[in-house]
Amino acid sequence: MKLETFSLDVDADGIAVATFDVPGRSMNTITAKAIQDLNAIADEVGANAAIKGLVITSGKASGFCAGADLGELGGGSGGGGAKGDPEAQLKVAFERSFQMNKILRNLETCKKPVACAINGLALGGGFEIALACHYRIAANDNPKLQLGLPEAKVGLMPGGGGTQRLPRLIGAQAAAPYLLQGESMTAEQGKSLGVIHELAPTNQLVGRAKEWVKANPNAKAPWDEAKFKVPGGNANTPGGGTVFTFGSAMLAKQTWGNYPAQKHILSAVYEGLIVPIDAGLRIESRYFVKTLMTPEAKGMIRSLFLSMQDLGKGASRPAGYPQYNIKKAVVIGAGLMGAGIAYVQAKAGIETILLDVSQEAADKGKDYSRKIVEKDVSRGKTSKEKGEALLALIKPSTDYSLVDGADIVVEAVFENPEIKAEVTRKVEEHLGAKAVMGTNTSTLPITGLAKASQRPANFIGIHFFSPVERMGLVEIIKGKETSEETLAKTMDYVLKIKKTPVAVNDFRGFYTSRVFGTYPEEGMTMLAEGIAPAIIENVGRMAGMPMGPLEVSDSVGIDTMLKIGRESAKVAGRSYEQNPVGDVVAWIVEGEKRVGRKAGKGFYDYDEQGKPARLYPDLGKKIEVKVKECPPELKVELTKRLLYRQCVEVARCFEEGVITDARDADIGSILAWGFAPYSGGVCSFVDLKVGVKKFVEECDRLAEAYGERFRPNALLRDMAAKGQTFYSRFPPKDTKAAA
Ligand code: NAD
């Protein structure tokens, strides 16, 4: 037997130890070869009379197994890969998916005891291998040990028996958060749930597992015992029936039916628990294939897993520049953004100078970090010593001479070009010739701001999102004169503070604000048309956006929208109020004095915690509500308007060269403004969910019905004519760091 990813040793007592150790990888993943090897091991253990039992463990110090190799699963290509008629394709896909279930089931019924010694994290397929063993013993001295089935988080479902064994072990209700939300458990939690049988120090795991194997020659899975009953009952029992009834309702409320994986998981559990496990495993494999073939799974695997991983490793960083080691960074302006930026820098171990116009303002900025640290210490998320070390890295001051020796500066003062220019001049009196000068402006073109700089090649936009410590994206904006080297250095900075960078070119609103702005704008257009505000808000959320468009307007600040709207209208030589949206915005800000969440009142009234309590009941004073009901066809139409409008704007950004990589556009859309994550982002939504050709046709129809803002641009028409997608036209440029 020739194994590549496992080794198999049999001791003098006839106990075999299969050690999972994929060569050349720091962590085990389930590749096609690993499945093949597991099959050979199961056959050998079953057939060889000299082998009395089996212990499966890992040869990696990092853990047991991180799950399926999603890259190998096809990066979203999905399906079985068979050419020809769809039925044959489905059959191949089913057989391929069922293989893992078949192998694990063979192992489970090989009539010899099988134990799993889990030294570290066991996720997805790794956890499913463990679940198929008769006995599980986990390390109690590894804080990184996690057990779970995270598939649902990337639009997939467990396909190695997870939906059948976990609920048979702990009941459908207890299994629900692990299956549907991809939550993970610690070794101790696993023990108290009954998933783990025994805890032991890492160095004793295999020895103890062997002892158990020796002592239990007739081990069987609980579900192979004649009298087995699912804990809590299956759907045919009164208790189990209630779990599924409420479970379906809760799922519908949380997902609005947008996530096929979750729906399929629930169906697989519901149907699978009624039948014997062998039939249940076939049911799971069928739903697995069905899920894998959805556009949602393709988009989510690609964006939420593969692209996030690639961008997190600096995949779009220009090659050929050495790694920029940032030891000292300066933040200017200790307000909302600057304070947050200082915190994430210090958290990454960077010495941080936080400058403001007065010591008091600078100190206040540092207090922001202090509050986060105190909260983290009180919740046990960090130790007091680590918290103090973090705070010691932040030096609040008014003294620009502290800029000396800094590797990078991030300016986050008021959004005013004159103030920003003055700050740039003052900073550059002290900043080294090779250091990066960044600005966190959210709207001002970088090329314009760079005019104040003596070294425009070193000048760049570093656009953070609020709250900085929670938002994972940083949009990096290259001005006309920004050098590639500065871009590479800035990417190194963003990666060091553990954010995901996307690079875009200079344009008012850049990429994220420009596209995102179309969502509240369309919502307010609907409002001005007389569609009931509750309908607009509900349709927005049901489309998969984190908030309705009116709540988004409140969050951004309706006064800010009024200011920006008036500026843009002025440039175009018209009055903002001529436009129905402008008229509503001016009325609510200036007439009703309701500027949004920050004032506790806007399109919504807010409670003391800043949560929306109710829609402003007097909106009807200004806008006559003409549409009070939302039949399904109206919901479909409004959903299209809200989502397609954003996607058309993305196409314009590509055409104008604001963004150049479909992967950046997708990740930016999900991380910056929460664009329907089930789709994989704005480009994947058009490519996979709608199809470019159909998208163009629909946008033409929407343009006729609602206005030119929906009109497809030449780029989209060209893509449709050539059968291209965003990903084929703007593929990721894998210019990995040479460093
Ligand atoms: P803010 O008003 O909370 O803070 C600005 C800070 O800059 C204040 O503490 C002020 O005292 C200080 N300041 C002003 N002039 C200064 C000077 N000459 N030298 C040093 N400090 C000076 O503003 P904010 O919301 O933190 O925004 C800062 C920047 O970040 C703006 O350019 C804004 O457009 C951008 N931005 C804001 C957000 C957001 O959600 N608020 C998001 C992304 C980007």
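Does Cys65 count as buried or exposed, and at what relative accessibility? At 0% relative accessibility, Cys65 counts as buried. Buried means under 20% relative accessible area, exposed over 50%, and partly exposed in between (1.4 Å probe, protein chains only).

The model is predicted: local features need pLDDT of at least 70, side-chain atom pairs count only at pLDDT 80 or more, and totals for chains, interfaces and linings use all residues. Residues are numbered from 1 along each chain as its sequence is written, and side-chain values use heavy atoms, with hydrogens and water left out.

A search of the whole structure finds zero disulfides (pairs of cysteine sulfur atoms within 2.5 Å). Cys65 is in none; the nearest cysteine sulfur belongs to Cys116, 9.8 Å away. Cys647 is likewise in no disulfide, and the nearest cysteine sulfur, that of Cys683, lies 7.9 Å away. Cys647 is buried, at a relative accessible area of 1%.

The largest nonpolar core holds 135 residues. Such a core is a set of buried Ala, Val, Leu, Ile, Met, Phe, Trp, Tyr and Cys residues joined through side-chain atoms within 4.5 Å. Phe464, Tyr493, Tyr511, Phe603 and Phe726 touch the most other members. Helix H25 (residues 632–655) supplies the largest share of this core, ten residues. Helices are DSSP runs (H or I, at least four residues), numbered from the N terminus. Contact means heavy atoms within 4.5 Å. Beyond residues up to four places away in sequence, Phe726 touches Ala651, Phe654, Ala662, Cys683, Val686, Asp687, Leu716, Met719 and Pro731. Another core, of 91 residues, lies apart from this one and includes Leu3, Leu70, Phe98 and Met185.

Helix H19 covers residues 518–529. Its expected span is 1.5 Å times one less than its number of residues. For twelve residues this gives 16 Å, and the end C-alpha atoms are 16 Å apart, which agrees. Nine of the twelve residues are buried, so H19 is largely enclosed by the rest of the structure. Among the buried residues are Tyr519, Glu522, Met524 and Leu527. Their cover includes helices H18 (512–516), H20 (533–542), H21 (549–556), H22 (558–571) and H23 (580–591), together with H25. Just after H19, Gly530 takes a positive phi of about 100 degrees.

Ala42 lies in helix H1 (residues 32–47). Ala42 is buried, with a relative accessible area of 5%. Ile103 and Leu107 touch Ala42, leaving aside residues up to four places away in sequence. Leu54 is twelve residues from Ala42 in sequence and 9.3 Å from it in space, C-alpha to C-alpha.

Definitions and conventions
Helices (H or I, at least four residues) and strands (E, at least two) are DSSP runs, numbered from the N terminus.
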